[in-house]
Amino acid sequence: MATTLFIQANNRPAEYSVSVKMYETFLSSYEESYPLDSIVKVNLYDEQLPYLGATMITGNYKVAQSMTLTWEEESEQQIIRKHLEQFLAADKIVIAFPLWNLTVPAVLHTYLDYLHQPRKTFKYTAEGLVGLLPDKKVAILNARGGVYAETEELAVHFVKAHLQVFGIRDITTIVIEGHNQYPDRRDSIIAEGLRNTALAAKGF
Ligand SMILES: Cc1cc2nc3c(=O)[nH]c(=O)nc-3n(C[C@H](O)[C@H](O)[C@H](O)COP(=O)(O)O)c2cc1C
């Protein structure tokens with residue numbers, strides 16, 4: 001029995017949002033296929049997610065040095081710990097997000113910032129960074145209105161680069177794209193993408 005963390009980085013209603021449709025499709029197919037798994041759901045828009053900045057960076061430093069934190073530093077560290085522990089406790093992680101303004105929603109960027117913790121998700125070595133989470137499995141679910149060459153794309157690429165720092169190699173990527181660029185084919189692009197999403201969940 002696995003613990004699976006579902007991260008949703010979009011708070012639009014599913015009827016308007018393709019990436020939320022992907023999230024819901026994957027979730028219901030997954031629940032059907034793995035009824036005994038423990039599922040944890042996080043919509044990042046329901047969370048308090050302070051930006052990475054002086055308070056958080058100083059807090060991280062003070063924790064590493066066993067120094068006393070201010071009240072503000074401690075309260076941000078508690079938020080980091082909550083998300084970090086949830087991520088570390090999961091065997092499998094599903095991340096659903098849209099492409100907005102060429103990148104990921106800011107909440108997802110901030111969430112990923114929290115996961116960069118030396119000795120927890122990666123370590124420094126003479127050969128460079130080594131990821132500490134090689135056994136985790138991740139499914140990336142992304143929707144983008146246009147069609148992008150892999151080298152131009154800045155959202156899926158961005159998330160994968162973070163996962164690679166953590167040593168995560170087992171990554172399934174499902175993308176629905178082009179439904180805005182080709183409005184005449186919109187419905188069939190989305191329908192086929194959601195079929196692929198449901199199928200991927202069964203084998204995840
Ligand atoms: C604020 C906003 C910004 C967007 N920026 C882009 C973009 O840069 N490139 C693109 O191809 N599509 C863009 N789109 C279209 C989305 O990628 C498309 O709606 C996709 O389905 C993901 O968003 P959704 O899950 O909310 O539907 C944008 C949509 C919105 C609402």
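Two residues are taken to be in contact, or to touch, if their C-beta atoms, placed from the backbone, lie within 7 Å. By that criterion Met-1 touches Leu-36, Asp-37 and Ser-38, when residues up to four places away in sequence are not counted. The structure is a predicted model, in which local features need pLDDT of at least 70 and side-chain atom pairs count only at pLDDT 80 or more, while totals for chains, interfaces and linings use all residues. Residues are numbered from 1 along each chain as its sequence is written. Helices (H or I, at least four residues) and strands (E, at least two) are DSSP runs, numbered from the N terminus.

**Helix 1**

- Helix 1 covers residues 18-33, and its 16 residues should span 22 Å at 1.5 Å a residue, which agrees with the 22 Å between its end C-alpha atoms; the expected span is 1.5 Å times one less than the number of residues.
- Val-18, Ser-19, Val-20, Lys-21, Met-22, Tyr-23, Thr-25, Phe-26, Leu-27 and Tyr-30 of helix 1 are buried, a class that requires 20 or more other C-beta atoms within 10 Å of a residue's own, whereas 12 or fewer make a residue exposed and counts in between make it partly exposed, with C-beta atoms placed from the backbone.
- These buried residues of helix 1 pack against strand 1 (3-8), strand 3 (92-98), strand 6 (137-144), strand 7 (170-177) and helix 6 (186-202).

**Packing of helix 1 with helix 6**

- Helix 1 and helix 6 pack at an angle of about 35°, with their axes 8 Å apart; the axes are lines fitted to C-alpha atoms, for helices over the stretch in contact, and angles run from 0 to 180 degrees between N-to-C directions.
- Helix 1 contributes Val-18, Lys-21, Met-22, Thr-25, Phe-26, Ser-29, Tyr-30 and Ser-33 to this contact, and helix 6 contributes Ile-190, Leu-194, Thr-197, Ala-198, Ala-201 and Lys-202.
- By class, eight nonpolar, four polar and two charged residues make up the contact of helix 1 with helix 6, where Ala, Val, Leu, Ile, Met, Phe, Trp, Tyr, Cys and Pro count as nonpolar, Asp, Glu, Lys and Arg as charged, and the others, Gly among them, as polar.

**Shell around the ligand**

- The ligand is surrounded by 16 residues, of which Val-18, Ser-19, Pro-98, Gly-145 and Gly-146 are the closest; a residue is near a molecule if its C-beta atom, placed from the backbone, lies within 6 Å of it.
- Helix 1 and strand 6 each supply at least two residues of this shell, and the largest share, three residues, comes from helix 1.
- The shell around the ligand divides into seven nonpolar, seven polar and two charged residues.

- Met-1 lies in the segment before strand 1 and counts as exposed, with 8 C-beta neighbours inside 10 Å.
- The C-alpha atoms of Met-1 and Ser-38 are separated by 7.3 Å, although the two residues are 37 residues apart along the chain.
- Tyr-45 is placed in the loop between strand 2 (38-43) and helix 2 (54-64), where its 13 C-beta neighbours inside 10 Å make it partly exposed.
- Residues up to four places away in sequence aside, Tyr-45 touches Asn-11 and Val-107, while Tyr-45 and Met-22, which are 23 residues apart in sequence, are 17 Å apart from C-alpha to C-alpha.

**Positive phi outside glycine**

- Asn-101, which is not a glycine, has a positive phi of about 45°; Asn-101 is located in the loop between strand 3 and helix 4 (106-115) and is exposed, with 10 other C-beta atoms within 10 Å.
- Arg-119 likewise has a positive phi, near 75°, in a residue other than glycine; Arg-119 is located in the loop between helix 4 and strand 4 (122-125) and counts as exposed with 9 C-beta neighbours inside 10 Å.

- Lys-137 belongs to strand 6 and counts as partly exposed, with 17 C-beta neighbours inside 10 Å.
- Lys-137 touches Asp-91, Lys-92 and Asp-170, not counting residues up to four places away in sequence.
- Val-156 is in helix 5 (residues 156-165) and counts as buried, with 23 C-beta neighbours inside 10 Å.
- Beyond residues up to four places away in sequence, Val-156 touches Ile-140, Asn-142, Thr-173 and Val-175, and the C-alpha atoms of Val-156 and Ala-143, 13 residues apart along the chain, are separated by 9.7 Å.
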